[in-house]
Amino acid sequence: MGLKVELRARHSDNRGIYYSETKRAVIYLAMHETLEDIYKTINHEVYHHCFSEADEVDDMDEDQEERLIFCIQWAEESIA
């Protein structure tokens, strides 16, 4: 089963969250300022899903996983 992405208009403390047990990502639109910002959050949650599916989350704690995703998402700008 693939990843399901759900968009919500209501406010939350989160920009997005991934639930590995149901393979579902919830994106809170009210926490974003631009469409590009929404795409970045969706990509962020997709990375969580990919790590979970590859059984890599057991090898990382939450901080390490978040840091890796940050580095992946900003790699192009860091290299340039």
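# Strand pairing and packing in a predicted model

Student: In β3, which residue is the bridge partner of V5?

Tutor: The model is predicted. Strand β1 covers residues 4-8 and pairs with β3 in the parallel sense. In β3, the bridge partner of V5 is A25.

Student: Over how many bridges do β1 and β3 pair?

Tutor: L7 of the chain stands opposite I27 in β3. The pairing of β1 with β3 is parallel, and its bridges number 5.

Student: Do β2 and β3 pair in the parallel or the antiparallel sense?

Tutor: Strand β2 spans residues 16-19. Y18 has A25 as its bridge partner in β3. Over 4 bridges, the sense of the β2 and β3 pairing is antiparallel.

Student: Which residue in the hairpin turn has a positive phi?

Tutor: β2 and β3 form the hairpin, with 4 residues between them. A positive phi of about 50° in the turn belongs to K23.

Student: What is the strand order of the open sheet?

Tutor: Strands of a sheet can pair parallel or antiparallel, through backbone hydrogen bonds. Here the sheet has 3 strands and mixed pairing. The order is β1-β3-β2.

Student: Which are the edge strands?

Tutor: An edge strand pairs on one side only. That holds for β1 and β2.

Student: What does the twist average from one strand to the next?

Tutor: The sheet is an open one of 3 strands. From one strand to the next, its twist averages 15°.

Student: What angle does the direction of α1 make with that of β2?

Tutor: Helix α1 runs over residues 35-53 and packs on the sheet. It touches β2 and β3. With the direction of β2, that of α1 makes about 20°.

Student: How many residues of β3 are buried?

Tutor: β3 consists of residues 24-28 and is mostly covered. Of its 5 residues, the buried ones number 4.

Student: Which residue's side chain does R15 join in a polar contact of 2.3 Å?

Tutor: R15 sits in the loop between β1 and β2. Among the residues it touches, leaving out those up to four places away, are V26, I27, Y28 and T41. The polar contact of 2.3 Å joins the R15 side chain to that of D37.

Student: How many disulfides does the structure hold?

Tutor: A disulfide needs two cysteine sulfur atoms within 2.5 Å. The structure's count is 0.

Student: Which cysteine sulfur is nearest to that of C50?

Tutor: C50 is in no disulfide. The distance of 17 Å is too far for a bond. The nearest cysteine sulfur is that of C71.

Student: What is the relative accessible area of C71?

Tutor: C50 is partly exposed, at 39%. C71 is partly exposed too, with a relative accessible area of 37%.

How values were computed. Residues numbered from 1 in each chain as written. Predicted model: local features only at pLDDT ≥ 70, side-chain atom pairs only at ≥ 80, totals over all residues. Heavy atoms only, no water. Buried < 20%, exposed > 50% of the residue type's maximum accessible area, 1.4 Å probe, protein only. Helix = DSSP H or I, 4+ residues; strand = E, 2+ residues; numbered from the N terminus. Pairing = 2+ DSSP bridges. Axes fitted to C-alpha atoms, helices over the stretch in contact; angles between N-to-C directions. Contact = heavy atoms within 4.5 Å. Polar contact = N/O pair within 3.5 Å; in protein donor to acceptor, adjacent residues only side chain to side chain.
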